[in-house]
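Me: Could you walk me through reading a structure like this one? I would like the general idea for each feature, then the case at hand.

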Amino acid sequence: MNTERPSFSFQHVGVNCDDREEAVKVVTLLSSLFGLEARTEKKGSPFAGSGIEAMAGKGPGLHGHLAFYTPDMDQAIRYFEERGIAIDYDSAKRTEEGNIYVIYLKDEIAGFAIQLINK
């Protein structure tokens with residue numbers, strides 16, 4: 001079986017911070033410098049615009065993660081596995097129906113975990 005490369009589009013970078021306080025400071029600074037919307041009102045990790053997530057506590061990856069959207073998660077997983085790229089199934093988030101909508105590759109690239117998203 002040789003799965004064609006599925007469609008991928010870059011979604012955001014997640015930068016690891018020590019805690020939520022540091023994450024809000026990072027988002028506030030980046031937002032003010034570059035005219036981005038600071039999204040700090042929700043619990044969890046705040047965003048500067050839609051492309052920079054400041055992790056409120058260390059997340060996967062030495063430096064953080066790079067998130068990619070794919071419209072077909074099953075095809076994406078097959079694609080990577082057929083090429084010998086390990087998937088971290090322990091990181092999987094699933095819908096009520098059991099379908100994976102977020103998962104990470106096992107290995108980092110340049111200190112960043114690779115997150116696959118299908119929402």
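This is a predicted model: local features need pLDDT of at least 70, side-chain atom pairs count only at pLDDT 80 or more; totals for chains, interfaces and linings use all residues.

Me: Where do glutamate 21 and lysine 25 sit relative to each other in helix H1?

Reply: For a pair in one helix, look at the sequence spacing. Glutamate 21 and lysine 25 are 4 residues apart in helix H1, so about one helical turn separates them. Glutamate 21 and lysine 25 are both exposed.

Me: How many salt bridges does the structure hold?

Reply: There are 3. Another joins the side chains of lysine 58 and aspartate 18, at 3.3 Å from N to O. This pair links distant parts of the chain, 40 residues apart: lysine 58 lies in the loop between strand S4 (52–56) and S5, and aspartate 18 in the loop between strand S1 (9–17) and helix H1 (20–34).

Me: Are lysine 58 and aspartate 18 buried or exposed?

Reply: Compare the relative accessible area with the cut-off for exposed, which is over 50%. Lysine 58 has 58%, so it counts as exposed. Aspartate 18, at 54%, is exposed too. In a further salt bridge, arginine 83 meets glutamate 82 at 4.0 Å, N to O. Here arginine 83 is partly exposed at 40%, and glutamate 82 is partly exposed at 31%.

Me: Now the inside. Which residues make up the largest nonpolar core?

Reply: To read a core, list its members and then ask which elements supply them. The largest one has 11 residues, among them Met73, Ile77, Phe80, Ile100 and Leu116. Helix H2 (73–82), strand S7 (100–105) and strand S8 (112–117) each supply at least two of its residues, with H2 giving the most, 5 residues. A second, separate core has 5 residues, including Cys17 and Ala48.

Me: What does isoleucine 100 contact beyond its sequence neighbours?

Reply: Setting aside neighbours within four places in sequence, isoleucine 100 touches Met73, Ile77, Tyr89, Ala92, Lys93, Arg94 and Asn118.

Me: And how does S8 pair with S5 and S7?

Reply: For strands, check the direction and the bridges. S8 pairs with strand S5 (residues 64–69) in the parallel sense over 6 bridges, and histidine 65 stands opposite alanine 113. S7 and S8 run antiparallel, joined by 3 bridges, with tyrosine 104 opposite glutamine 115. Their hairpin has 6 residues between the strands, and alanine 110 takes a positive phi near 55° there. S8 is also mostly covered, with 5 of its 6 residues buried.

Methods
Residues are numbered from 1 along each chain as its sequence is written. Side-chain values use heavy atoms; hydrogens and water are left out. A nonpolar core is a set of buried Ala, Val, Leu, Ile, Met, Phe, Trp, Tyr and Cys residues joined through side-chain atoms within 4.5 Å. Buried means under 20% relative accessible area, exposed over 50%, partly exposed in between (1.4 Å probe, protein chains only). Contact means heavy atoms within 4.5 Å. Two strands pair if DSSP finds at least two bridges between them.
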